[in-house]
Amino acid sequence: MNGEKIKVISEAFRDEVVELRHQFHKHPETAWKEVETTRKIESLLREWGFEHIRRGVRGTSCGVVADLNPGREGPSIALRADMDALAIKEENSVPYVSECEGVMHACGHDSHMAILLGAARVLSLIKDDLPGRVRLIFQPAEEGGSTSENYPGAECMIREGVLEGIDAIAGLHIWSPLETGLVAVRPGAFMSACDSWTVRIYGKGGHGAMPQDAIDPTLAATTFVNLLQTIVSREVDPKEIAILSVGKIITGSAFNIIPDSVEVTGTTRTFNPAIQDNMPVMIKRIADGVCAALRCRAELEYTRFVPPTINDEELTKQFIETAKGIIGEERVQISPLIMVSEDFSYFQEKIPGVFFFLGCGNPAKGTDNPHHSPRFNVDDDALSTGVELLAGFAAEFLAGKR
Ligand SMILES: [Zn+2]
Ligand SMILES: [Zn+2]
């Protein structure tokens, strides 16, 4: 019954949702700076009759939470969208190109907000038919991991009580490697954990022409980088998945100076918590061993950043059934494991959650460029499918869990 209504209303708001995305795209804001974005969302939610609207997380004006049917008996579900853009200069030439120099919605979070607003609008119009409560979570700073300030928005919101009284949570990521309108999801482990680390290697600076008077930390650092890959190739069980990548090496100041120290920074990814636990031990042992051989000293700073995204088996089964009903069996796929990470996993550590990919790739429209590229763009035809999936799943979950 609700399904038909949701379809019709979602269709009716198709253009409005596209326009919302274009507005967000024009005015991108990076992590913990989503002030205007928050203001816009908040005013729409007020207009549409949402209650208990809470604005701001971590003492900022970024992020907004709102409830539908807050006093109603029955189950409750939260729907989440992330809000932040990236420090990337856009290279698209679309009418809604970013008006903010050097900042761009290059991951599609503009579409996540537009889709969730669309779903909010739909659910607000059928709220009397819903046998439970819906909470909307517009979360700042999903991409926080790429900055030096490690404040994942999801973790901050949870600390401030965003999941209190909530039974389950659902969220999506628009996904350019997947064809427009297709859905990919995976019960259980879905997206990998993401940690970051820095190894500082200390030697003794000196003249490049007199290495005998110096202790060269660059040589130790390059040896360390080479040996680092033996962790994956020789130590971790080949049947497991693990990645170690070096992303940054800072060393030296001039061609003829041996520097005092070198900084090597990288990331690790895995689905296995035991491997994640052991990573700092293995990295430190190799750094110490190399440094002992080459008269240097190593320090490791290891940050456990994002846990693996683990979809609740039951909830995901329920989502797959709903999605098949909405877009057709042949358009719902079981995703392979994905090596990028998502801070939605913090929510899933606390309550059952399902996170899925919504395809937006269409080579004819140039929307198949990779996420985080300056030419990333979203096929707007995917948006109304997203609206219908989020609103439809929320309605089904509330109806089915009495
Ligand atoms: Zn991203
Ligand atoms: Zn993203």
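Two strands are taken to pair if DSSP finds at least two bridges between them. The views below show a predicted model.

**View 1. An open sheet of eight strands with mixed pairing.** The strands follow one another in the order E1-E2-E4-E3-E5-E16-E6-E15. Strand E1 (51–55) and strand E15 (332–334) form the edges, each pairing on one side only. On average, neighbouring strands of this sheet are turned by 25° against each other, direction ignored.

**View 2. The parallel pairing of strands E5 and E16.** Strand E5 spans residues 168–179 and strand E16 spans residues 353–361. The two strands are joined by eight bridges. Histidine 173 has phenylalanine 357 of E16 standing opposite.

**View 3. The packing of helix H1 against helix H11.** Helix H1 comprises residues 2–12 and helix H11 comprises residues 383–400. Their axes lie 9 Å apart and meet at an angle of about 150°. Because angles over 145 degrees count as roughly antiparallel, H1 is described as roughly antiparallel to H11. The crossing of H1 and H11 is right-handed. From H1, the contact involves Asn2, Gly3, Ile6, Lys7, Ser10 and Glu11; from H11, Ser384, Val387, Glu388, Ala391, Gly392 and Ala395 take part. By class, the residues of this contact of H1 with H11 comprise four nonpolar, five polar and three charged.

**View 4. The packing of helix H9 against helix H11.** Helix H9 (residues 313–327) packs on H11 at an angle of about 130°, and the two axes are 9 Å apart. With this angle, H9 is oblique to H11. The crossing of H9 and H11 is right-handed. On the H9 side, Gln318, Phe319, Thr322, Ala323, Ile326 and Ile327 meet residues of H11. Their counterparts in H11 are Thr385, Glu388, Leu389, Gly392, Phe393, Glu396, Phe397 and Gly400. Seven nonpolar, five polar and two charged residues make up the contact of H9 with H11.

**View 5. The contact between domain 1 and domain 2.** The protein chain is divided into domain 1, which consists of 2–191 + 308–400, and domain 2, which covers 193–306. Taken over C-alpha atoms, the centres of domain 1 and domain 2 are separated by 37 Å. Ten residues of domain 1 are in contact with ten residues of domain 2. The side of domain 1 that touches domain 2 is made up of five nonpolar, four polar and one charged residues.

Technical notes. Residues numbered from 1 in each chain as written. Chains lettered and ligands numbered in written order. Predicted model: local features only at pLDDT ≥ 70, side-chain atom pairs only at ≥ 80, totals over all residues. Helix = DSSP H or I, 4+ residues; strand = E, 2+ residues; numbered from the N terminus. Axes fitted to C-alpha atoms, helices over the stretch in contact; angles between N-to-C directions. Parallel < 35°, antiparallel > 145°, perpendicular 65-115°, else oblique. Left-handed = near helix turned anticlockwise from the far one by under 90°. Contact = placed C-beta atoms within 7 Å. Nonpolar A, V, L, I, M, F, W, Y, C, P; charged D, E, K, R; others polar. Domains from an automatic or database assignment.
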